[in-house]
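Dear colleague,

Please find below the structure that I am handing over to you. My notes on it follow, and I would be grateful if you read them with the coordinates open.

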Amino acid sequence: MLSNIRTIWEILRHSFRRPETIQYPEQKPYLAPRFRGRIILSRDPDGEERCVACYLCAAACPVDCIALQATEDGYGRRYPAFFRINFSRCILCGFCEEACPTLAIQLTPDYEMCEYDRQNLVYEKEDLLISGPGKYPDYNFYRVAGLAIAGKDKGEAENESEPVDTHTLLP
Amino acid sequence: MNPILRQIIIIVVVMAAVLTASAGLIWLERRLLALWQDRRGPNRVGPFGLMQVTADMIKIFFKEDWIPPFADRPVFVIAPALLVVTVLMSFAVVPFAPGFVVSDLNVGLLFFLAMTALGVYGIALGGWSSNNKYALLGAIRATAQMLSYEVFMGLALMGVVILAGSFNLSDIVEAQKNLWFCIPQFPGLVIFIIAGFAETHRLPFDLPEAESELVAGFHSEYSGIKFGLFFVGEYLGVTLISAMIVIFFFGGWLGPFLPPILWFVIKTFVFICGFILLRASLPRPRYDQLMSFAWKVLLPLALLNLIITGGIVLAVG
């Protein structure tokens, strides 16, 4: 009986507590630094697409919401011909970001992406691609990879030695 | 003024006030529960969310009014109305202010007890005619609970009757001019409040509904405005029991400075908030605990209170 009365008293004391409610549209909630929201495709510091269309994100995606098609430019540099994320399926798990070898696909702290039409939640490449490097300002996959592309031959990448002419290694 | 006209005006005013208040309780309860749970509650529709009541009412009016094919149609339809009507009838004897009463019955207290007793029918028939096992279980619980709590609800008030020497509610209020009955009749007050909770089947004693075990208890099969009537009946019951607590134990309209009607409203409001506070804080007891508490603790206490009060009144005067 005494505990019941104490309970009532404790509840009554809550009259003077501040409500925990965040009144959302007017008041924005605190987002953790690693909040996983809307997915974007970033560019490298040179302004080129980072994505090399390796399909690892699509393979990692547990709900199969990523669809893309790889293609190559004239110099053998791979990029996606189309890149499509269906956000009505996406669960924002971040596995695609973990899988991405070139840090191209990234999750951002933006969650306000409601649509009246379900079809509008399918984002195409031009919707996903941003103009900056996202979370990794300096990383440039093709500057550290040994692949020859336009404007960079073999051996010209950072910390890369000149290719060895195997014929000179004859004893 | 023509006495008949005056009476009709009083009836209309009481009906309007009571129904508006009980509808407003929907909003008040949600806001107060939110306050005590560190939330905000409905605050979007209109100023302070007050229009939430209107929104809820519009919604409930436009819901499909569905009667299950297996239900006993006429009884199913009558049951919610029965509950509301019996509670509204009790308001006929409530003296809001001196002379401001629909019917100044000389057995007003008995009339009130009789009408709350009839309220059981609304719930029992509603649960029975639904032809649903959960509804039936709820109805059985409601019947047993309300019948057993009615016994000492009446007995707890007998102490008040002994002190006031009248069954007339206005006389009972007038008898508290010098001392509110909450002090000499404190055990009676506690017993009456507990019985009142059981009578209105509000949350600590809402076993007829018990949504965690019985879906929604006796009104599982109800929808639309019929469900709304059960709801309004519950809030009317809360208002009624609060008003009765004020009349029997807290001097009704008596109070300094403010006009009597305002005192009555303020006191009733405090007890309505008390009802909601208890809902916010206390868990639901088990059914056998509820029944044994009634018969083994409260009934002897009520009888003891009655004997002692009677003895003292006899000895003194």
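Of the 171 residues of chain A, 17% count as buried. Please bear in mind that this is a predicted model.

The overall dimensions of chain A deserve attention beside that figure. Its radius of gyration is 25 Å, whereas a compact globule of 171 residues would have one near 16 Å. Along the principal axes, the C-alpha atoms of chain A fill a box of roughly 100 × 45 × 25 Å. Among the contacts in chain A with a separation of 6 or more, 69% are between residues 24 or more positions apart.

As to secondary structure, chain A holds 5 helices and 5 strands. Read from the N terminus, its elements follow the order α-β-α-β-β-α-β-β-α-α. An open sheet of 3 strands in chain A is ordered β2-β3-β5, and its pairing is antiparallel. Its edge strands, each pairing on one side only, are β2 (66–72) and β5 (122–123) of chain A. In general, the strands of a sheet pair through backbone hydrogen bonds, either parallel or antiparallel. Strand β3 (residues 78–86) of chain A runs antiparallel to β5(A), and 2 bridges join them. At N86(A), the bridge partner in β5(A) is V122(A).

Chains A and B also meet: 11 residues of chain A are in contact with 10 residues of chain B. On the side of chain A that touches chain B, the residues comprise 4 nonpolar, 5 polar and 2 charged.

Most of α9(B) is covered, with 23 of its 26 residues buried. After α9(B) comes G251(B), which has a positive phi, near 70°.

The loop residue is P69(B), placed between α2 (52–62) and α3 (73–90) of chain B. Is P69(B) buried or exposed? It has 7 other C-beta atoms within 10 Å, and a residue with 12 or fewer counts as exposed; P69(B) is therefore exposed. From P69(B) to S281(B) the distance is 39 Å, C-alpha to C-alpha, and the two are 212 residues apart in sequence.

With kind regards

Conventions
Residues numbered from 1 in each chain as written. Chains lettered and ligands numbered in written order. Predicted model: local features only at pLDDT ≥ 70, side-chain atom pairs only at ≥ 80, totals over all residues. Contact = placed C-beta atoms within 7 Å. Nonpolar A, V, L, I, M, F, W, Y, C, P; charged D, E, K, R; others polar. Pairing = 2+ DSSP bridges. Helix = DSSP H or I, 4+ residues; strand = E, 2+ residues; numbered from the N terminus. Buried ≥ 20, exposed ≤ 12 C-beta atoms within 10 Å, placed from the backbone. Rg over C-alpha atoms; globule rule 2.2 N^0.38 Å.
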